[in-house]
Amino acid sequence: MARNTKPGKMSREEAGRLGGEATAKKHNREFYQEIGKKGGQATSNNHSRDFYQEIGQKGGEATSRNHDREFYQEIGRKGGKK
C-alpha cells in the first residue's frame, strides 16, 4: 500500500479504503442495490444499443479465450437444471 511520507498524512489509497469501510458500516444491502440500480439506469440513458452489443461481444470473446469446452458444458448443465 502506498503511504505518504509526511508524518500524520495518509495516502489517497488509504483514505479511500477508510472511507469505503465507514460507508459500508453506515449502509445496508438495500442502499447498495439502490445506488447500483440508479447507476445502471444512468448508464443505459447515456449509451446506445450498439454500445451494449459491442461490450457484450468483447466479453464473450474474452470468455471463450479463457475457458474450454468443458466449462461451457458445465454451465449448460447448470442452466438446464434451473
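**Salt bridges, rings and overall form**

Tutor: Let's start with a pair of side chains: Lys58 and Glu54 meet in a salt bridge, with N and O 3.2 Å apart. Keep in mind that this is a predicted model.

Student: How many residues apart are Lys58 and Glu54 in helix H3?

Tutor: Both of them sit in helix H3, about one turn of the helix from each other.

Student: Is Lys58 buried, partly exposed or exposed?

Tutor: Buried means under 20% relative accessible area and exposed means over 50%, with partly exposed in between. Lys58 has a relative accessible area of 49%, so the label is partly exposed.

Student: How many salt bridges does the structure hold?

Tutor: Besides the pair we started with, Arg17 forms one with Glu21, the closest N and O atoms being 3.2 Å apart. Arg77 forms one with Glu74, at 3.0 Å. For the structure, the number of salt bridges is three.

Student: Why are Arg17 and Glu21 separated by about one helical turn?

Tutor: Look at where they sit: both belong to helix H1. They are about one helical turn apart because their spacing in that helix is four residues.

Student: Which helix holds both Arg77 and Glu74?

Tutor: These two are three residues apart, about one turn of the helix. Arg77 is partly exposed at 46%, and Glu74 is partly exposed at 33%. The helix that holds both, residues 69-81, is H4.

Student: On to the rings. How are the planes of Phe51 and Tyr52 arranged?

Tutor: A search of the whole structure finds three aromatic pairs. In one of them, the ring centres of Phe51 and Tyr52 lie 5.1 Å apart. Planes over 60 degrees apart count as edge-to-face. The planes here are at 80°, so the arrangement is edge-to-face.

Student: What is the angle between the planes of Phe71 and Tyr72?

Tutor: Phe71 and Tyr72 also form an aromatic pair, and theirs is edge-to-face. The centres are 5.1 Å apart, and the angle between the planes is 80°.

Student: Which residues is Tyr52 in contact with, leaving aside its neighbours within four places in sequence?

Tutor: Tyr52 is found in helix H3, residues 49-66, and counts as partly exposed at 34% relative accessibility. With those neighbours left aside, the contacts of Tyr52 are Thr43, Ser44 and His47.

Student: Is Ser11 buried or exposed?

Tutor: Ser11 lies in the segment before helix H1 (12-26). Its side chain reaches the backbone nitrogen of Glu14 at 3.0 Å. The cut-off for buried is under 20% relative accessible area. Ser11 comes in at 9%, so it counts as buried.

Student: How much of the chain do buried residues make up?

Tutor: The accessible surface of the chain comes to about 7,500 Å², with 52% of that belonging to carbon and sulfur atoms. Of the 82 residues in the chain, the buried share is 2%.

Student: Last one: what is the radius of gyration of the chain?

Tutor: The chain has four helices and zero strands, in the pattern α-α-α-α along the sequence. For 82 residues the globule rule gives 12 Å, and the chain is well over that, so it is more spread out than a compact globule. Its C-alpha trace spans about 55 × 30 × 30 Å along the principal axes. The radius of gyration of the chain is 20 Å.

Technical notes
Residues are numbered from 1 along each chain as its sequence is written. This is a predicted model: local features need pLDDT of at least 70, side-chain atom pairs count only at pLDDT 80 or more; totals for chains, interfaces and linings use all residues. Side-chain values use heavy atoms; hydrogens and water are left out. Rings of Phe, Tyr and Trp (its six-membered ring) pair if their centres lie within 6.5 Å; planes under 30 degrees apart count as stacked, over 60 as edge-to-face and the rest as tilted. Buried means under 20% relative accessible area, exposed over 50%, partly exposed in between (1.4 Å probe, protein chains only). A polar contact is a pair of N or O atoms within 3.5 Å; within protein, one must be able to donate a hydrogen and the other to accept it, and residues adjacent in sequence count only if both atoms are side-chain atoms. Contact means heavy atoms within 4.5 Å. The radius of gyration is taken over C-alpha atoms; the globule rule is 2.2 Å times the number of residues to the power 0.38. Accessible areas come from the Shrake-Rupley method with a 1.4 Å probe; for residues, only the protein chains shown count as cover. A salt bridge is a side-chain nitrogen of Lys or Arg within 4 Å of a carboxyl oxygen of Asp or Glu.
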